[in-house]
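Please look over the sequence and the structure together before reading on. The paragraphs below go through them step by step.

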Amino acid sequence: MVVVAMGSIEEWRIRKGSASPLSTILFNLGGRKVTDHGIAEEIRHISSEFKAVPVVILADTEDLAQVLTALECGARGYIPTSVGIDVCVEAINLAAAGGIFVPASSVLSMRHLIKSGNCDARPLTGVAVA
């Protein structure tokens, strides 16, 4: 896997001629949240512009609402920074192969919603859990 770090999509556009074709975009949010001002729209924009290239979010939080919002915005994966590098690499590979990755901790937190009788949770299909 060839990794090229860019500070922004604009930087990639400038260097596009010398850069390898994209197989996956890893969008590092760090401590920011998908629900922070402008972040969800940026994920939507990138996912829309690069339709054939899966966008995977790397973030410090494993909050289920953040994960679901990222997926609703077009992300094909959500990797918390708490996972090891091996899981991170495999999650990226899964997204590149057409799958969707979400952290097991987030999926397990849905158990509380199910037990509380909340029927608003949508079933996740085709999702790998680690």
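What follows moves from the whole chain to a few of its parts.

The model is a predicted one. Its chain holds five helices and five strands. Along the sequence these elements follow the pattern α-β-α-β-α-β-α-β-α-β. The chain has 130 residues, and buried residues make up 35% of them. Its accessible surface comes to about 7,700 Å². Carbon and sulfur atoms account for 56% of that surface. Of the contacts in the chain with a separation of 6 or more, 58% are between residues 24 or more positions apart.

A single residue can show what such contacts look like. Thr24 sits in the loop between helix H1 (9-15) and strand S1 (25-30). Is Thr24 buried or exposed? Its relative accessibility is 17%, and buried means under 20%, so Thr24 counts as buried. Neighbours within four places in sequence left aside, Thr24 is in contact with Val53, Pro54, Val56, Ile92 and Ala96.

Next comes a pair of charged side chains. Side chains of opposite charge can pair when their charged atoms come close. How many salt bridges does the structure hold? It holds one. This salt bridge joins the side chains of Glu41 and Arg44, with a distance of 3.5 Å from N to O. Both residues belong to helix H2 (residues 39-49), where they are three residues apart and therefore separated by about one helical turn. An α-helix has 3.6 residues a turn, so residues three or four places apart point the same way. Arg44 has a relative accessibility of 40% and so counts as partly exposed, because that category lies between the limits of 20% and 50%.

The last part to examine is helix H5, which covers residues 104-115. Which residues of H5 are buried? They are Ala104, Ser106 and Met110. Viewed down the axis of H5, the buried residues fall within an arc of 160°, so they line one face of the helix. His112 and Lys115, on the other side of H5, are exposed. Helix H5 therefore has a face lined by its buried residues, with exposed residues on the other side.

Conventions. Residues numbered from 1 in each chain as written. Predicted model: local features only at pLDDT ≥ 70, side-chain atom pairs only at ≥ 80, totals over all residues. Heavy atoms only, no water. Helix = DSSP H or I, 4+ residues; strand = E, 2+ residues; numbered from the N terminus. Expected span 1.5 Å × (residues − 1). Buried < 20%, exposed > 50% of the residue type's maximum accessible area, 1.4 Å probe, protein only. Arc of directions from axis to C-beta. Salt bridge = Lys/Arg side-chain N within 4 Å of Asp/Glu carboxyl O. Contact = heavy atoms within 4.5 Å. Areas by Shrake-Rupley, 256 points an atom, 1.4 Å probe, with all protein chains shown as cover.
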